[in-house]
Amino acid sequence: MRPTWAEIDLDAFARNVHTVTSRLPAGSKLIAVLKADAYGHGAVELARRCPGDRVAMLATVTFEEAAELHDAGVALPLLVMGPMQEAQVALAAERGFTIGIPGPEELAIAVRVALERDVKIHLKLDSGMGRMGVTASELPRAIELIHAARGLKIEAIYTHFANASDPSDDFTDRQTSAFEQMLAELRAAGIDAPLHHMANSAAVMRGLVRPGDYARAGLVLYGGQPVDPAGDAPQTEPILRWRTEIVRIKELPTGSAVGYGTTFHTTRPSRIATLPVGYADGYNRLNSNRGEVLVRGRRAPVVGRVSMDLVTIDLTDIPGAAVGDEVILLGRQDREVVSAEEIAGRIGTISYEVFCNISARVPRVYRDGGKVVAIRSRFDR
Ligand SMILES: *Cc1c(COP(=O)(O)O)cnc(C)c1O
């Protein structure tokens, strides 16, 4: 195997699930958000680590993602948040998945599919994010559709916060009030559900989940920091370590160019190492002349441009570093850590995208109690 892979610590994931669910009030349970292959960590392996007494459901965005978990024998109930096409809603209902209903069009589809078979839904209300969910003005149409429906079971009603990561913004309070108002209108029309849910990772960590409500959290399960600034919100631990190895070291004299575009020139006699990883693996090209990696527990700067398959780093200040040394792109080595937030900050994005961008060319190696228990690679044969 090429010496570039991502190690995922299943014990740390289980601890994070415990930390997050311990934050929930009485009667509340977690909907673990495993969309986008569990933000790049691998949904199947992590789904198997979600205990049924603490995790009520697993959420994906697409039908395909839910079907992958179902095919792998995952027993927890699955919520497909969608949006989905009508044919996919029918397939999802056939498999017993719960359908997220992000608007009146999707509600109309679910009502049609429910003529043939029972359909379980979570109805989404737009409390102010302006993206998905039934808006206040669409509510009368939604009520009409629900009244006329047969075989439709509304398991939950939910909404999504736009800015829960910012504790100083009262927009989250305003969304909560708007959601309450819309729930009251639905109740007045005789429509309610046994469950409600609003909170994402940031809201869970800020303690905003109401007793009995469910919470939908993704990022915190992977050790990302959703609250900005982290302040006194409790944190979870990173579970992914993206590592590679030094495959070549060159001694270059002062004034030597490094990489495409010759954007870096040595200003002293330098030891420049090549790493077998690049932007095709998801190591963003914006790390060129900006990123830092860990070698022998110390930071080494990325010098020159990140290429599709290679990265060059400066080892001049790390005496003794040698071919074969482990290099950490993301994660911990000894006492140093490069977090997804650090990388995101350097390249102008969020930790969510840093995780999701680690490409399928990078095998995922799963550890449990320190031992390798599974390897997932697109090159599996
Ligand atoms: C992705 C997503 C979540 C999870 O968000 P995190 O910030 O990762 O916890 C929750 N709800 C919806 C509707 C989502 O799309």
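Threonine 4 is placed in the segment before strand S1 (5–9); here helices (H or I, at least four residues) and strands (E, at least two) are DSSP runs, numbered from the N terminus. This is a predicted model, in which local features need pLDDT of at least 70 and side-chain atom pairs count only at pLDDT 80 or more, while totals for chains, interfaces and linings use all residues. Residues are numbered from 1 along each chain as its sequence is written, and side-chain values use heavy atoms, with hydrogens and water left out.

Threonine 4 counts as buried because its relative accessible area is 0%, where buried means under 20% relative accessible area, exposed over 50%, and partly exposed in between (1.4 Å probe, protein chains only). The side chain of threonine 4 also reaches the backbone oxygen of proline 276 at 2.7 Å. This is a polar contact, that is, a pair of N or O atoms within 3.5 Å; within protein, one must be able to donate a hydrogen and the other to accept it, and residues adjacent in sequence count only if both atoms are side-chain atoms.

## The ligand and its surroundings

The space taken by the ligand is the largest pocket. On a 1 Å grid over the protein atoms alone, a pocket is an open set of points with protein on both sides within 12 Å along at least five of seven lines, whereas a cavity is a set of points where a 1.4 Å probe fits but cannot get out; lining residues have an atom within 4 Å of a point. A molecule sits in such a space if more than half of its atoms lie within 2 Å of its grid points. The elements that give two or more residues to the shell around the ligand are helix H2 (35–39) and strand S9 (215–217).

There are 13 residues around the ligand, and those that come nearest are Lys35, Tyr39, Ser201, Arg216 and Tyr352; a residue is near a molecule or strand if one of its heavy atoms lies within 4 Å of it. The shell divides into six nonpolar, four polar and three charged residues, with Ala, Val, Leu, Ile, Met, Phe, Trp, Tyr, Cys and Pro counted as nonpolar, Asp, Glu, Lys and Arg as charged, and the others, Gly among them, as polar. A nitrogen atom of the ligand lies 2.8 Å from a polar side-chain atom of arginine 216. Polar backbone atoms also take part: one of glycine 218 is 2.8 Å from an oxygen atom of the ligand, and one of leucine 219 is 2.8 Å from an oxygen atom of the ligand. Taken alone the ligand exposes 390 Å², and the protein buries 92% of that; these accessible areas come from the Shrake-Rupley method with a 1.4 Å probe, and for residues only the protein chains shown count as cover.

## Backbone features in the loops

A cis peptide bond, with omega at about 10 degrees, joins glycine 82 and proline 83. Proline 83 belongs to the loop between strand S4 (78–80) and helix H5 (86–94).

Threonine 262 has a phi near 40 degrees, which is a positive value in a residue other than glycine. Threonine 262 is in the loop between strand S12 (257–258) and strand S13 (264–265), and it is partly exposed because its relative accessible area is 43%. Arginine 296, which is not a glycine either, has a positive phi of about 50 degrees. The loop between strand S15 (292–295) and strand S16 (298–301) holds arginine 296, which counts as partly exposed because its relative accessibility is 42%.

## Residues at other positions

Serine 270 lies in strand S14 (residues 270–275) and counts as buried because its relative accessibility is 2%. A polar atom of the side chain of serine 270 lies 2.7 Å from the backbone oxygen of arginine 268.

Alanine 178 has its place in helix H8 (residues 171–188) and counts as partly exposed because its relative accessibility is 24%. Although alanine 178 and aspartate 126 are 52 residues apart along the chain, their C-alpha atoms are separated by 8.6 Å. Valine 303 and proline 234 are 69 residues apart in sequence, and in space they are 35 Å apart, C-alpha to C-alpha. Valine 303 is buried because its relative accessible area is 4%.
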